[in-house]
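Hi,

Here is the model I promised to pass on.

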Amino acid sequence: MLDEIDPLDPQAVTRVVLCAGKVYYDVLDARRALKSNHIAIVRVEQLYPFPQTQFKDILARYPNMKQLVWCQEEPENQGAWHQIKHRFLDSVGGGVELRYAGRPMSAAPAVGSHRLHMEQQRQLVADALD
C-alpha cells in the first residue's frame with residue numbers, strides 16, 4: 001500500500017481516495033491540476049490478503065477524513081469494489097462516508113467506443129475528486 005506521495009497537511013485532508021493500477025495516475029494528475037489539497041490518494045497494491053493493519057495506520061494519519069472513496073476503472077461488477085468494500089467498512093469509524101467512483105455495472109469490461117471510454121474515464125476521476 002502506497003500512501004500519499006505529495007506533501008499534504010494531514011489535518012486538512014477530508015477525503016481519501018483509494019485506487020489500484022493505472023487509474024491512480026489519472027486521479028493524481030487531476031488532483032494536482034485542481035490543487036485539491038484536502039484529498040489524499042492511497043494506492044492499494046495488494047488486495048488479498050488485505051493489509052488491514054497497514055491500511056488502518058494510513059487512515060489514522062487523516063483524523064479529519066469525512067469520505068473514503070474507492071475508485072476503479074473496471075465496471076462496478078467487475079472490479080475489486082464488491083470484494084473489498086467490507087475491508088474499508090471494518091477500518092473506518094462512524095461519520096465517514098464510503099463511496100464508489102467508477103464505471104456503472106456492465107456485462108462487458110469495455111464499452112466498445114474509445115470516445116465513450118474516455119468520457120467515462122474523465123467522469124470516474126471527477127467522481128473520485130468531487
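This is a predicted model: local features need pLDDT of at least 70, side-chain atom pairs count only at pLDDT 80 or more; totals for chains, interfaces and linings use all residues.

Residues are numbered from 1 along each chain as its sequence is written, and side-chain values use heavy atoms, with hydrogens and water left out. Helices (H or I, at least four residues) and strands (E, at least two) are DSSP runs, numbered from the N terminus.

Let's start with H2, which spans residues 52-60. Its buried residues are Gln52, Phe55, Ile58 and Leu59, where buried means under 20% relative accessible area, exposed over 50% and partly exposed in between (1.4 Å probe, protein chains only). These four sit on the same side of H2, because they cover an arc of only 125 degrees around the axis, taking the arc from the directions that run from the helix axis to the C-beta atoms. The general rule behind such a pattern is that an α-helix has 3.6 residues a turn, so residues three or four places apart point the same way. On the face turned away from the buried side, H2 carries the exposed residues Thr53 and Ala60.

What covers that buried side? The cover includes strands S1 (15-19), S2 (39-43) and S3 (67-75), along with helix H3 (81-91); contact here means heavy atoms within 4.5 Å.

The axes of H2 and H3 come within 10 Å and cross at roughly 55 degrees; axes are lines fitted to C-alpha atoms, for helices over the stretch in contact, and angles run from 0 to 180 degrees between N-to-C directions. That angle makes H2 oblique to H3 (under 35 degrees counts as roughly parallel, over 145 as roughly antiparallel, 65 to 115 as roughly perpendicular and the rest as oblique). The crossing of H2 and H3 is right-handed, meaning that the near helix is turned clockwise from the far one by less than a right angle, with anticlockwise being left-handed. On the H2 side the contact is made by Gln52, Phe55, Lys56 and Leu59, and on the H3 side by Arg87, Phe88, Asp90 and Ser91.

Gln52 shows up on both counts. It is buried at a relative accessible area of 19%, and beyond four places in sequence it touches Arg87, Asp90 and Ser91. A polar atom of the Gln52 side chain lies 3.2 Å from the backbone oxygen of Arg87. For polar contacts I used pairs of N or O atoms within 3.5 Å; within protein, one must be able to donate a hydrogen and the other to accept it, and residues adjacent in sequence count only if both atoms are side-chain atoms.

**H1 against H4**

H1 (residues 23-34) packs on H4 (residues 114-129) at an angle of about 60 degrees, with the axes 10 Å apart. That makes H1 oblique to H4, and H1 passes H4 in a right-handed crossing. Val23, Asp26, Val27, Ala30, Arg31 and Leu34 of H1 meet Gln121, Leu124, Val125 and Leu129 of H4.

Asp26 is partly exposed, at 22% relative accessibility. The side chains of Asp26 and Gln121 make a polar contact at 2.7 Å. Apart from neighbours within four places in sequence, Asp26 is in contact with Glu73, Gln121 and Val125.

**Gln72**

Which backbone atoms does the side chain of Gln72 reach? One is the oxygen of Pro75, at 3.1 Å, and another is the nitrogen of Trp81, at 3.2 Å. Gln72 is in strand S3 and counts as buried, at 2% relative accessibility. Its contacts beyond four places in sequence include Val23, Tyr100, Arg103 and Leu124.

**Two backbone points in the loops**

Tyr48 and Pro49 are joined by a cis peptide bond, with omega about -10 degrees. Tyr48 is in the loop between S2 and H2, and at 71% relative accessibility it counts as exposed. From Tyr48 to Gln83 is 35 residues in sequence, with the C-alpha atoms 9.9 Å apart in space.

The other point is Lys35, in the loop between H1 and S2. Lys35 is not a glycine, yet has a positive phi of about 55 degrees. Lys35 is exposed, at a relative accessible area of 66%.

Cheers
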